[in-house]
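Subject: Structure handover

Hello,

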Amino acid sequence: AGDAVSDISPIGGIDGDMKPGMNAAVFRAAACALELHERIDSFVAWEGADGSQPMTLSLHVGVGCGQATMLHLGTERCEFVASGPALLQSALAEPLAESRQTCVSAQAWAVLESHAAGWAIPGTEGFDMEDGAGGGAYMILTRLDADPNDAVGDVRVSPGRGGGAHNVAQRGQGGAVGSALGLDAQARGTGTHSASGSFRASGSFRGRSSASSASSRAAASSSSAPPSVASEHIAPYMRRYVPLAITLKADAGRDGTSEMRHVSILFIALKGLKLSADGDADVPAAQARGEDALRRVRAEVSRREGQVNKMLVDDKGTVLLCVFGLPPRPHADDALRSVQTAMALANEMDAAEGDGSSDTGGLGLTAYIGVATGRVFCGVVGSKERREFTTMGDTVNIAARLMGAAKQGGAARV
């Protein structure tokens with residue numbers, strides 16, 4: 001969540017033979033993490049003209065592997081949500097790593113250990129297991145020495161230029177794919193998403209899924225049709241994934257999709273909502289649970305003219321970020337509207353005994369909600385290959401921390 005970036009890499013047997021196997025996918029994720037440290041750590045983001053201390057960036061990375069469930073939730077407005085053990089591992093690993101470190105889950109380390117060096121984090125044995133037992137420790141990765149002739153597929157790992165990091169000298173066709181939210185005049189509202197690799201960056205980095213985990217919307221080009229034809233066909237569907245604040249400006253031919261705005265933020269954690277499936281037969285049930293939860297949250301938020309900005313699964317569980325004050329409907333009383341919505345959602349989700357049997361139609365979930373109001377960045381981040389509309393700033397961080405504080409109370413709290 002927040003300023004993190006996630007990426008997911010499918011493995012062979014899911015989308016065809018061009019995808020790497022599990023071992024190759026995990027090695028790629030780890031090699032990518034180390035090279036990111038080499039390229040990005042200590043990057044000078046800002047340097048004052050008066051000779052003041054420059055601002056540098058660094059990241060910490062989490063890598064996991066295993067099963068992942070990909071859901072497309074909603075109808076007129078849609079969210080792409082990834083969940084499952086691979087995502088959980090990477091989400092737990094990322095905060096365990098300090099700046100300039102990569103933390104690898106026990107499952108991913110089992111793949112890497114014969115060609116890697118690292119040290120175990122005390123107290124992490126089996127902490128991603130439901131019963132708290134049976135798993136190995138999470139590891140801080142310090143070196144990756146892969147033999148090019150091993151079963152790493154087309155990945156070649158060679159010594160890096162410094163700090164013990166190693167980099168990928170050659171990548172095959174299974175490399176990470178970016179996805180575009182095309183909002184220019186030719187491909188307004190288009191874009192694709194789906195998968196590759198697994199990592200969280202921007203101060204964190206996540207691991208792989210369905211082989212390795214992290215969440216990223218990656219690009220899918222289908223067919224050999226000319227781009228203009230494909231864009232025209234896909235655009236109506238992809239618009240459902242693009243926030244209203246962006247589509248309205250794009251339709252009006254306006255630039256300047258980023259700005260500083262005074263908004264109210266809701267961070268909502270839903271305890272008890274399982275969006276991962278144990279097998280293909282369980283996917284419809286996971287889909288139904290996700291649809292029901294998203295529908296209820298969106299109904300309350302829309303009732304007071306706010307917007308659901310994103311829905312995701314991370315180390316905090318299933319989380320929704322909602323914003324009051326975005327175009328086209330900002331209000332002078334958005335702070336009041338956000339608190340009213342939070343209270344209504346807490347009551348809506350808090351059903352008796354957690355079994356969904358509430359007379360008021362509750363879901364059997366517990367909602368923990370943080371609310372904050374202030375001036376934040378609202379706009380598009382990314383590149384031509386992949387963009388996302390988001391909100392960033394101290395107010396967003398405060399709302400997330402208040403949500404975490406509410407969870408310590410043990411009951412539905414705002």
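Is E305 buried, partly exposed or exposed? E305 counts as partly exposed, because its relative accessibility is 34%; buried means under 20% relative accessible area, exposed over 50%, and partly exposed in between, with a 1.4 Å probe and protein chains only.

Some notes on the numbers first. This is a predicted model, in which local features need pLDDT of at least 70 and side-chain atom pairs count only at pLDDT 80 or more, while totals for chains, interfaces and linings use all residues. Residues are numbered from 1 along each chain as its sequence is written, and side-chain values use heavy atoms, with hydrogens and water left out.

The sheet

Strands of a sheet pair through backbone hydrogen bonds, in either a parallel or an antiparallel way. Here an open sheet is formed by five strands, in the order β14-β15-β13-β16-β17, with antiparallel pairing. Two strands count as paired if DSSP finds at least two bridges between them. Strands (E, at least two residues) and helices (H or I, at least four) are DSSP runs, numbered from the N terminus.

At the edges are β14 (307–314) and β17 (387–392), each of which pairs on one side only. On average, neighbouring strands of the sheet are turned by 35° against each other, direction ignored. Axes for such angles are lines fitted to C-alpha atoms, for helices over the stretch in contact, and the angles run from 0 to 180 degrees between N-to-C directions.

Helix α8 (residues 394–407) packs on this sheet and touches β13, β15, β16 (366–382) and β17, where contact means heavy atoms within 4.5 Å. The direction of α8 makes about 160° with that of β16.

Strand β14 is joined to β15 by seven bridges in the antiparallel sense, and the two form a hairpin with two residues between them. Within this pairing, V308 stands opposite C322 in β15. Eight of the eight residues of β14 are buried, so this strand is largely enclosed by the rest of the structure.

Strand β15 (residues 317–324) also runs antiparallel to β13 (residues 259–271), again with seven bridges. There, S264 stands opposite F324 in β15.

The salt bridges

Side chains of opposite charge can pair when their charged atoms come close. A salt bridge here is a side-chain nitrogen of Lys or Arg within 4 Å of a carboxyl oxygen of Asp or Glu. The whole structure has 13 of them.

- R39 and E35: the closest N and O atoms are 2.6 Å apart. Both residues lie in helix α1 (residues 22–40), four residues apart, about one turn of the helix. R39 counts as exposed because its relative accessibility is 55%, whereas E35, at 8%, counts as buried.

- D292 and R296: the closest N and O atoms are 3.0 Å apart. The two are four residues apart in helix α6 (residues 283–303), so about one helical turn separates them. D292 is partly exposed at 22% relative accessible area, and R296 counts as buried at 15% relative accessibility.

- E305 and R329: the closest N and O atoms are 3.8 Å apart. This pair links distant parts of the chain, with E305 in the loop between α6 and β14 and R329 in the loop between β15 and α7 (334–349), 24 residues apart. R329 counts as partly exposed at 42% relative accessibility.

Regards
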